[in-house]
Amino acid sequence: MLRELRFESAAYRWLELGAPFRIGFDEPGLRGVHIVVEGGCELVTAEGSVVRLDAGDLVLLPRGDAHEIRSAERGGRLESGFDLAMRTPGTRLRAGGSGARTVVVCGAFVVREMHHPALLGLPHLIRVPGVDGRPPAWLAPYVSALATEAFEGEAGSDLVMARLSDALLVRALRHHGESGGGSGWLSGLRDPYVAVALRLLHEDPARPWTLASLARAVGLSRAAFAARFTERVGQPAMQYLLSLRMQRARSMLRDQRATVAAVATRVGYTSDVAFAAAFKREVGTTPGAYRRAAQADQ
């Protein structure tokens, strides 16, 4: 599923902040990663929720929610993290006042498949707490290497940081899945029956799956499987399959070599008319119009 989402790292910066400070992150399409190396701060979501972050903590916002990090000491004007990075050469940035110092390694990544149903199954915020002011043992090597690359900014640092952050992202998602938080496909993977169903759907979404055939494939009754899948993943199995098929269709329609009829067959429709109707109902436009718009954006 992570391969299908196509996470791609954008950039990392070493951010030295003096209290009071307020740094906003709301660039469309970017997902944020923050690692507190020294000091502490607060992360404030667009809805007003406040999460305290201390040295050693990592926080990840895989859904791309707008947020800001600020000092506990109030004051200072809100400054765009994106603008700060754009006008400052190198990877080492400074902002804020002359008060208590906080150092944060700030990163961003993009998701190429914006409408993938698995993305909707990720939490809005993942926090991995530090231990005694340091990252947990499994996270420490990634943080150390990222901090070194971001701080020193040597030739090729962006490439090194991109590869490191890919691994860090997967480990953070794995940590969250193993910790048992929330619903979604990460939660579903902890259930042996739902995990098999998810694997089957992703391996062959074009198969004429029904709730009954999926239930038989995993060894449960229809009612038991339906309740279990919805409870673990947060949506019914057939709705998840429909979202998955439409995501695959969008990906293929961006490829000029695949005809609409071929796309319809490859995502499980025997009629391109039925596929076009389902696509318009779910996506809001026809397959042909979607393809033209996608090609115009390339």
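Colleague: Hi! Which strand does Glu42 lie in?
Modeller: Glu42 lies in strand S4, residues 40-45; strands here are DSSP E runs of at least two residues and helices are H or I runs of at least four, numbered from the N terminus. This is a predicted model, where local features need pLDDT of at least 70, side-chain atom pairs count only at pLDDT 80 or more, and totals for chains, interfaces and linings use all residues. Residues are numbered from 1 along each chain as its sequence is written, and side-chain values use heavy atoms, with hydrogens and water left out.

Colleague: Thanks! Is Glu42 buried or exposed?
Modeller: Glu42 counts as buried because its relative accessibility is 13%; buried means under 20% relative accessible area, exposed over 50%, and partly exposed in between, with a 1.4 Å probe and protein chains only.

Colleague: And which side chains make a polar contact with the side chain of Glu42?
Modeller: Arg70 does, at 2.8 Å, and so does Arg74, at 3.2 Å. A polar contact is a pair of N or O atoms within 3.5 Å; within protein, one must be able to donate a hydrogen and the other to accept it, and residues adjacent in sequence count only if both atoms are side-chain atoms.

Colleague: New topic: which residues touch the most other members of the largest nonpolar core?
Modeller: Val33, Ile35, Leu58, Leu60, Leu146, Leu168 and Leu173, out of 26 residues. Such a core is a set of buried Ala, Val, Leu, Ile, Met, Phe, Trp, Tyr and Cys residues joined through side-chain atoms within 4.5 Å.

Colleague: Nice, and which element gives the largest share of this core?
Modeller: That is H5, with six residues.
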